[in-house]
Amino acid sequence: MSVKQVNPRQYVAQIPQLSNVEVWFQRPKDIVRKLLSGDLDLGIVGLDTVSEYGRGDEDLIIVHDALKYGDCRLSLAIPKYGIFENINSLKELAQMPRWTIDRPLRVATGFTYLGPKFMQENGLKHVIFSTADGALEAAPAMGIADAILDLVSSGTTLRENNLKEIEGGVVLESQAVLVASRKALIQRKGALDTTHEILERFEAHLRAADQFMVTANMRGSSAEEVAERVLSQPSLSGLQGPTVSPVLCKRDGKVAADYYAIVICVPKKALYKSVQQLRAIGGSGVLISPLTYIFDEETPKWRELLSKLGL
């Protein structure tokens, strides 16, 4: 990807394999806003951001809901101490008699759409929301909030600030998603075809993540006999079984196949075990190659997208 700075505040990039695509680097919330305004056709952003700034707009359509990075959750957290020491669920929090019109539960958050919506759906009536500069985790200790609603990944920051998540307090699970403008996909020439290719590439790359291609030579009397030995080992089944092909050599003026080449796909966590099993059944010359893409049958996500578009 070739990136260039077109002005002091704007970076764009080109993808050589997708000549009709221009990549803009934007703040997450601006990606959603520009999809809605028609300035962008596709965006990669967290589901939490799509939900907060998209606010259920039907023009936003999720093309791929799990790009496998940026995992986190939008969660309500309260102090471990004081009046909250024995409060461990959203239901218990809601039933605390201290929350009234005159003294509502104060929640610090940057999610001013999802927060009130979640509280209303869960029956918490006496709640007010405020935004805080800097780290929200400090708000309860500073006395400016009773709870926070923020993104949580490992939970370490919450623990360091004596805060805890509570049962029923997760608003949504989030990770990076591919989102599109419905209007753009339907109306802009070539947008849907390009989206199809991008979707296929994402799916193939995610399928290949942590997979390695293992190639080895093995002496045998036939491809079937070699395959039988390979399939006797639990870690050597590959995606759909091993590929076995003859290794041809010339001996005494004749072409013969004393060895067979074995090709399988193996997950990274089982890689060394697979090599040991290959050796145990006579494999040698083992080669390991990382995989970039595994293209399978057409992804169901493409058919789901067409269905969402009514096509």
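## Helix α1 and its end

Gly 38 follows helix α1, and its phi is positive, near 95°. Helices (DSSP runs of H or I, at least four residues) and strands (runs of E, at least two) are numbered from the N terminus. This is a predicted model: local features need pLDDT of at least 70, side-chain atom pairs count only at pLDDT 80 or more, and totals for chains, interfaces and linings use all residues. Residues are numbered from 1 along each chain as its sequence is written, and side-chain values use heavy atoms, with hydrogens and water left out.

Helix α1 spans residues 28-37. Asp 30, Ile 31, Val 32 and Leu 35 are buried there. Buried means under 20% relative accessible area, exposed over 50%, partly exposed in between (1.4 Å probe, protein chains only). The buried residues of α1 pack against β4 (42-46), α2 (47-54), β5 and β11 (176-181). Contact means heavy atoms within 4.5 Å.

## Three-stranded sheet

Strands β1, β2 and β3 form an open antiparallel sheet, in the order β1-β2-β3. Its edge strands are β1 (2-7) and β3 (18-24), each pairing on one side only. Two strands pair if DSSP finds at least two bridges between them. Strand β2 (residues 10-15) joins β3 through four antiparallel bridges. Gln 14 has Glu 22 of β3 as its bridge partner.

## Five-stranded sheet

A second open sheet runs β8-β7-β9-β6-β10, with mixed pairing. Strands β7 (residues 105-109) and β9 (residues 147-152) are parallel, over three bridges. Thr 109 stands opposite Leu 149 in β9.

Helix α4 (residues 114-121) packs on the sheet and touches β6, β7, β8, β9 and β10. Its direction makes about 110° with that of β10. Helix α2 lies across β6 (72-79), β9 and β10, at about 80° to β10. Axes are lines fitted to C-alpha atoms, for helices over the stretch in contact; angles run from 0 to 180 degrees between N-to-C directions.

## Helix α11

Lys 301, Trp 302, Leu 305 and Leu 309 are the buried residues of α11 (residues 300-309). They lie on the same side of α11 because they cover an arc of only 105° around the axis. The arc is that of the directions from the helix axis to the C-beta atoms. These buried residues pack against β5 (60-64), α7 (182-187) and α8 (191-208).

At the start of α11, a side-chain oxygen of Thr 299 comes within 3.1 Å of the backbone nitrogen of Lys 301. Gly 310 follows α11, with a positive phi near 75°.

Conventions
A polar contact is a pair of N or O atoms within 3.5 Å; within protein, one must be able to donate a hydrogen and the other to accept it, and residues adjacent in sequence count only if both atoms are side-chain atoms.
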